[in-house]
Each structure stands twice: as C-alpha cells, then as structure tokens.
Amino acid sequence: MTNDYRFLLETPRVTGRRQQKFECPQCGKRKCFVRYVDTHNDCQYVADDVGKCDHQHSCGYHYKPSEYFRDHKWAKEHDRLKPRKPFMPPPLPPFQPLPMELVVQSHSRQSAFWQWLSTDVAKRLSLDGAQLQRVFDDYMVGATPRGDVIFWQIDREGRVHTGHIMQYGTDGHRSGYQGWMHTRLINEGKLPHDWLLYQCLYGEHLLSRYPDRHVCIVESEKTALMMAVCQPQMLWLATAGSGGLSRERTECLKGRRVTLFPDSGCYDKWSEKMRLTQGIDYNISARLEAFPPNTDLADLLLA
C-alpha cells in the first residue's frame, strides 16, 4: 500500500533501517533530532536542519519540509525535475527479543532510585513496605553495577524489548545520564548492528496478570511505579516519553478500560494519538493541564 505523504520523519517503519538521531540545530543537544526523509527519493534526508527535536517542551524545534521549500524556492524548483517514485514501505525485519536472563540477573534493589523510593518517599507518603516490594518485583526493576536503575520493557507475551537505563540521585531527581540496554549491547557486540528496536508500553507484561484492573497510563516509569504503590487497585503503565504513545503500542489495550494522564502540556498531543486507535474504551484526564509544563502525577504526590 502506498503512502499519501511524501515527506515523513525517519523511522524504521518508513525506511526499513535503524533510525538515526542527530544534534539539534537549535538546542545543540546530541542524538535528539529526527530528520525528514523524501519517500519519493529513496528516503534520502530533505536537508540537515529539516526535522523535529525530541525535547518538545525545553526546545520545541520543528522545521517542516513545507517550511523549508517555502524558504528555499530554488530547492523547490530543482525538486520538480526529479522523477517521482511511488513509496512502498519496506518490510520490517522480525522482532528479536532480548534474553530474559538479563532481566533476572539485573533485578536488584542496589540503585539510588530504589533507595530514594523505599526511604524518603515511603516515609513522606506512609507507603506500605510490602506493597512497595510487590510493585518492585512485579515490574522487575533492575539496577546496573554502578547503581543506575533499569526499567525493563516486557510485552504481554513475556518478551523483553529493551531496558531504559536512568541515573537518579538520592533526592529522586535525574542526574543526567540515560540510555538504553539494546544500545549498550550493540556497542558491546552482543547484538547485531542492524538490530531494530520495537518498543512496548512499560508494564505491559502485567496486563495478563491483572486482567480485571482498570489501566492507567502515564509518561514516566518513575510515576507508574509510585502510582502502583499508592493506588494498587489500578494497573499503571508508562510510555517512557511523551512521544511513546502510538497506535502500535496501544494494540495490547484492546478490550480494556483505560485512563490516560498526560503530563501538563501534552493533553492535545495524546488526544490526537488516541484518536487513531480502535477498540479501546478510554478517556484522557486534563487534570494536569492546570499546572506548569511537564508536571506529572508524581509531582502532585510529592508536593
């Protein structure tokens, strides 16, 4: 099937290759800038500065192809001379899960994140220690040898997609570093260089374990864990980023009752994404829109 849109942001689904992320021309941060490709021209990049920054709130850079051709009329005239090729999305390679042994071996309380959650937060919110341990085990929270937390993405079939590695201080705030387990394994030669990531919702594996629970979706894994301790009657999942909500990742939610809690500033974006889904009984809370940008439920808990 052909696609009506000629210019698309680069993704494996569009190009059949690993997504490349570049330095943003506005904020200067590395590996956060996704470029547009021309699907009528072998998915070549439109231009170095035509794309979108992942940091929607702190940067917000988004230079569209239509704006580029408006600003560079010579490029538009030259483009008219190129032959048009119908765009046929290439078939994607099959998903290759990571070994479950990685999850089991990393399952540990030896992270600064766990120390903060089990001491400071537990005391401030009067959290139940047994419930805190159950949540920790349910979500298979891991730790690296240097004490960074690992939030594993495991789908409802028990397949490991990747692990989100994040560095937290003892105050519960991120202290700079974040990365992905699949990237580390590729760099170590333990995964092939052309291995493709297929993400799933954080906590998705618990859908089968708790089939009757109302599903609640937030952005960060940290918030999902805190809410799972405070409101265990609900099943809390996370998108691992404001852009982590998609039709593909929400397929697992068909037939479930779902409430979404987007961070403040993301209500419209998540509403648009959910309009593309089918078979999901959902509603989206606008509660956080009354607060400053990037406020989430965890912020309200700790206020």
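This is a predicted model: local features need pLDDT of at least 70, side-chain atom pairs count only at pLDDT 80 or more; totals for chains, interfaces and linings use all residues.
**A walk from loops to core**

Residues are numbered from 1 along each chain as its sequence is written, and side-chain values use heavy atoms, with hydrogens and water left out.

Back at N294, the phi angle is near 75°, a positive value in a residue other than glycine. With a relative accessible area of 40%, N294 is partly exposed; buried means under 20% relative accessible area, exposed over 50%, and partly exposed in between, with a 1.4 Å probe and protein chains only. A240 also has a positive phi without being glycine, here near 60°. You will find A240 in the loop between β11 (234-238) and β12, and at 18% relative accessibility it counts as buried.

R17 is partly exposed, at 31% relative accessibility. Its contacts (heavy atoms within 4.5 Å) include E10, D42, Y45 and L196, leaving aside residues up to four places away in sequence. R17 and W195 are 178 residues apart in sequence, yet their C-alpha atoms are 9.2 Å apart in space.

Now for the interior. In soluble globular proteins, nonpolar side chains tend to be buried together. A nonpolar core is a set of buried Ala, Val, Leu, Ile, Met, Phe, Trp, Tyr and Cys residues joined through side-chain atoms within 4.5 Å. The largest one here has 50 residues, of which Y139, I217, W236 and L253 touch the most other members. Beyond its sequence neighbours up to four places away, I217 touches L201, L237, T239, L253, V258, T259, L260, F261 and W270. A second, separate core has 13 residues, among them F33, C59, Y61 and F69.

W270 leads us on to helix α10 (residues 267-274), whose buried residues are W270, S271 and M274. They span an arc of only 105° around the axis, so they lie on the same side of α10; the arc is that of the directions from the helix axis to the C-beta atoms. Among the elements covering them are β10 (214-218), β12 (257-260) and β13 (281-284).

In α6, the buried residues are Q131, L132, V135, F136 and D138. These fall within an arc of 165° and so line one face of the helix. Their cover includes α5, α8 (206-209) and α9. Helix α9 (residues 221-230) is itself mostly covered, with nine of its ten residues buried.

What lines the largest cavity? The residues are F113, W114, L117, L132, V135, F136, V141, L225 and V229. Two or more lining residues come from each of α5 (112-125), α6 (129-138) and α9. The lining is made of nine nonpolar, no polar and no charged residues.

Terms used. Helices (H or I, at least four residues) and strands (E, at least two) are DSSP runs, numbered from the N terminus. On a 1 Å grid over the protein atoms alone, a cavity is a set of points where a 1.4 Å probe fits but cannot get out, and a pocket is an open set with protein on both sides within 12 Å along at least five of seven lines; lining residues have an atom within 4 Å of a point. Ala, Val, Leu, Ile, Met, Phe, Trp, Tyr, Cys and Pro count as nonpolar, Asp, Glu, Lys and Arg as charged, and the others, Gly among them, as polar.
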